[in-house]
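Thank you all for coming.

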Amino acid sequence: MARKLHRGQKLVIASHNKGKLREIEALLRPLGIEAVSAADLGLPEPEEDAPDFAGNARIKALAAAVASGLPALSDDSGFCVAALGGAPGVLSARWAGPSKDFAAAMALVNEQAGGNPDRRAWFVAALCLAWPDLHTETFLGRIDGTLVWPPRGGNGFGYDPMFVPAGGQQTFGEIDPEEKHATSHRARAFAQMLVSCVG
Ligand code: IMP
C-alpha cells in the first residue's frame with residue numbers, strides 16, 4: 001500500500017536545481033506540505049549514475065531521506081529528441097556543461113538534429129518519494145511536442161525555449177508559468193503522486 005504524506009509534513013526536496021525547486025514548491029504549496037531544499041540543509045549531491053530517469057530519481061531521493069531522517073522527494077528529468085535517438089535524455093544537465101550554459105546546450109541539440117525532418121521531442125520526469133527506512137515510490141510523467149529553432153521566450157529553464165508542446169503554438173519558454181505547471185511532464189508525474197501518496 002502507498003505510504004501517505006499529510007498536511008504539515010516536512011518534506012526535503014532533493015534537488016539543487018533552482019528551476020525545478022521553484023516548480024516543485026509551487027506544486028506542493030496548496031497541499032500544506034512544508035518543503036525544505038537539500039541545498040538549504042547542506043546535503044551533498046549524490047552521483048547520478050543510473051541509466052534511466054527512475055533510477056537516478058531513486059538515488060537522489062534515498063540519499064536525501066537517509067541523510068536528513070525526513071521523507072524526501074526528488075525529480076530526475078530531461079529532454080529527449082527523436083532525431084537524436086532520445087538524447088540528451090538522462091544527460092540533459094550534462095550537455096549544458098559545468099557552467100550550466102543552456103543556450104549552448106540548445107545550440108548543440110539543434111546542430112546534432114541538423115536537417116532531420118523528424119522534429120518530435122518530449123520531456124520526461126521521474127519523481128521519487130523516499131523515506132528514511134528506504135521505502136520508495138516512483139511516478140513517471142511525459143509531455144510530447146516539437147523541437148523549434150531558434151529558441152523563444154525567457155520563462156522556465158533548461159530546454160524550455162526550444163520545445164512547443166503538442167497542440168500549442170508557444171514554447172515552454174513563452175507560456176505562462178502557471179500553464180506550464182498545469183500541463184508539464186513534472187505536473188503529470190506529480191498528479192499521480194497526489195492520488196497515491198497525499199491525503
Ligand atoms: P537532472 O534531473 O537534475 O539530472 O537534470 C534535468 C535537466 O533536464 C535539467 O537541467 C534541464 O536541462 C532538463 N529539464 C528537465 N525538466 C525540464 C523542464 O521542465 N524544462 C526544461 N528543461 C528541463
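Let me begin with a term: helices (H or I, at least four residues) and strands (E, at least two) are DSSP runs, numbered from the N terminus. What you see is a predicted model, in which local features need pLDDT of at least 70 and side-chain atom pairs count only at pLDDT 80 or more, while totals for chains, interfaces and linings use all residues. Residues are numbered from 1 along each chain as its sequence is written, and side-chain values use heavy atoms, with hydrogens and water left out.

I turn to the largest pocket, where a pocket, on a 1 Å grid over the protein atoms alone, is an open set of points where a 1.4 Å probe fits, with protein on both sides within 12 Å along at least five of seven lines, and lining residues have an atom within 4 Å of a point. About 970 Å³ of space lies in this pocket, a volume being the space filled by probe spheres set on the points, which are joined across faces, edges and corners. Its lining comprises 37 residues, and Asn17, Lys20, Glu48, Ala93 and Lys100 lie nearest the centre. At least two lining residues come from each of helix 1 (18-28), helix 2 (53-68), strand 3 and helix 5, and strand 3 supplies the largest share, four residues.

Where does the ligand sit? The ligand is in the largest pocket, by the criterion that more than half of its atoms lie within 2 Å of the pocket's grid points. Around the ligand there are 19 residues, of which Lys20, Phe102, Asp160, Lys180 and Arg186 come nearest; a residue counts here if one of its heavy atoms lies within 4 Å.

As for polar contacts (pairs of N or O atoms within 3.5 Å), a side-chain N or O atom of aspartate 160 is 2.6 Å from a nitrogen atom of the ligand. The protein covers 95% of the 490 Å² of accessible area that the ligand has on its own, by the Shrake-Rupley method with a 1.4 Å probe.

Finally, the second largest pocket holds about 150 Å³ of space, and strand 5 (136-147) and helix 4 (177-183) each give its lining at least two residues.

How values were computed
Polar contact = N/O pair within 3.5 Å; in protein donor to acceptor, adjacent residues only side chain to side chain.
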